[in-house]
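Hello,

Here is the structure I promised to pass on to you. Please have a look at it first, and then read on for what turned up in it.

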Amino acid sequence: MRYLHNIGRYFLMIAEMFRKPTKWSVMRTLILKDIDDLIIGSLGIIAFISFFVGGVVTIQTALNIENPLIPRYLVGFATRQSVILEFAPTFTSIIMAGKVGSFITSSIGTMRVTEQIDALEVMGINSLNYLVFPKTIALMLYPFAIAIGMFLGILGGMAACVFGGYTSLEDYILGLQTDFDGFHVTYSFIKTYVFAFVLATIPSFYGFYMKGGALEVGKASTTAFVWTSVVIILLNYILTGMMLG
Amino acid sequence: MILVENLHKSFGDAEILKGISTSFEKGKTNLIIGQSGSGKTVFLKCLLGLFPYEEGTISYDGKIFSNLSEGQKRDLRAEIGMVFQGSALFDSMTIAENVMFPLRMFTKMSKSEMEDRADFVLKRVNLPNAHHKMPSEASGGMQKRVAIARAIVNNPKYLFCDEPNSGLDPKTAIVIDNLIQEITDEYQIVTVINSHDMNSVMEIGEKIVFLRYGIKEWEGSNKTIFKTDNQAVTDFVYSSNLFKKVRQMYLEENE
Ligand SMILES: Nc1ncnc2c1ncn2[C@@H]1O[C@H](COP(=O)(O)OP(=O)(O)OP(=O)(O)O)[C@@H](O)[C@H]1O
Ligand SMILES: [Mg+2]
């Protein structure tokens, strides 16, 4: 029952978010600030994770191919597929559910606890539009961060090959180019857009509707992380089934 | 004028307000007094529509609040200034930005006009040099004064203050009380103040509503509160010896 109630309230929140928009001159500053906090502020960790995960995928694949009949260029192929299809969009989004998600929940939750949201409401401002909308728009740039992640993941694999001596650079590049299907990239970016929306709205939901004090802000962040990850994983399953299945 | 009729509010099984009726006139400082936990904050938040209530009507100059559409509510609220008990400053903005916020949202003022206006109200609350501090760098009393500056910056028609001078030193507390009374009179606003500061009661209590156990126990002014024989009021207001003496002297003088 409570789940249904929350799901209903979540969709009402989304609808309310678009009502009575905040003045554009104010909204613009909010969006820019959120782009800085949520996207620019995450580039470092996304780059770091992507590069090394890409490298590890390459090493694992290379080490597991022992059969001499399997061509060495498969290492590059496998890295490309796993980085573009799953690691960059899904794996990174789970990490972002922790980083960006807990930031969103705790910052909105603190505003709730210290009555700053009430202060906005009392002034006649649509606080959902003021707080959640700019985050949602800012995260529409998230796919760019993921694109950088994809590139660095593949680059990380390349570095692992060359410096670890697993395959030659030529084989790796040949692998990257083998059976390339542009739709995989499209699929991946559609997924990323959906995840971006989830990353902006579910943590906002838990921050906005929380009750209690500072302790509950911490709990709300944890709950938000759990549900954001669960929803991302489920949507990943559903979208993959729909688009590739 | 704000008119409240038969207001009931519960949290779960706990009935906090058990049918309150009263009115707040414009140009007057209206005080709501009562012990900690008596429901002053809850009452104020019901007036503002921040808490839903089970029964009763609240009208702002004849407009019944609960009948207004969301849009009309927001328009009305743009004319409301509120000082929260915990100040509720936006902690991502500097003090000056906090004060200018209602102007940025609701007026077409240029940046320099907004800055001038913010300067003006910050001076009035005795904070001429704190513009660039963040709220977290300000003391509790400073935060309170910024909250007051923010509440009055856009010339509200209705001003609500939840314990505006708790946490202030006596001198600043009086400055704030007088400031609120001054602007109430000057701009003819409807002002409602929650307080348990007896000084404010005596100084600016042009109308006083005393809440106790969820009902309106007594209603009057700082003139009549000296004379009341309502035991609950005298127990609450004259719990300190100093005020007992003040009362005695007042009664003797006016014999
Ligand atoms: N959000 C809430 N949920 C449940 N109970 C609440 C809530 N807010 C207030 N109460 C209860 O309502 C009662 C009145 O609280 P209120 O904050 O109005 O007191 P107050 O008169 O403002 O006290 P103080 O002078 O200490 O600020 C208290 O018993 C409090 O526990
Ligand atoms: Mg209170």
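Predicted model: local features only at pLDDT ≥ 70, side-chain atom pairs only at ≥ 80, totals over all residues.

Thr41(B) belongs to helix α1 (residues 40-47) of chain B, while Gln85(B) sits in the loop between β6 (80-83) and α3 (95-106) of that chain, so the pair ties together parts that are 44 residues apart in sequence.

**Around ligand 1**

Thr41(B) and Gln85(B) turn up again here. Ligand 1 is surrounded by 13 residues, and the closest are Ser36(B), Gly37(B), Lys40(B), Thr41(B) and Gln85(B). By class, this shell holds three nonpolar, eight polar and two charged residues. Helix α1(B) gives the largest share of the shell, with three residues.

- Gly37(B) has a backbone N or O atom 2.8 Å from an oxygen atom of the ligand.
- Gly39(B) also places a backbone N or O atom by an oxygen atom of ligand 1, at 3.0 Å.
- Glu163(B) uses a polar side-chain atom instead, and this atom lies 3.0 Å from an oxygen atom of ligand 1.

How much of ligand 1 does the protein cover? On its own the ligand has 630 Å² of accessible area, and the protein covers 61% of that.

Leu179(B) is found in helix α6 (residues 170-187) of chain B. With a relative accessible area of 4%, Leu179(B) is buried. Setting aside residues up to four places away in sequence, Leu179(B) touches Arg124(B), Val125(B) and Ile148(B). As for Val42(B), its C-alpha atom is 25 Å from that of Leu179(B), and the two residues are 137 residues apart along the chain.

In chain A, take a look at Asp34(A), which lies in helix α2 (residues 24-64). Asp34(A) is buried as well, with a relative accessible area of 6%. Beyond its neighbours within four places in sequence, Asp34(A) is in contact with Ile39(A), Pro134(A), Lys135(A) and Ala138(A).

Definitions and conventions
Residues numbered from 1 in each chain as written. Chains lettered and ligands numbered in written order. Heavy atoms only, no water. Helix = DSSP H or I, 4+ residues; strand = E, 2+ residues; numbered from the N terminus. Near = heavy atom within 4 Å. Polar contact = N/O pair within 3.5 Å; in protein donor to acceptor, adjacent residues only side chain to side chain. Areas by Shrake-Rupley, 256 points an atom, 1.4 Å probe, with all protein chains shown as cover. Nonpolar A, V, L, I, M, F, W, Y, C, P; charged D, E, K, R; others polar. Buried < 20%, exposed > 50% of the residue type's maximum accessible area, 1.4 Å probe, protein only. Contact = heavy atoms within 4.5 Å.
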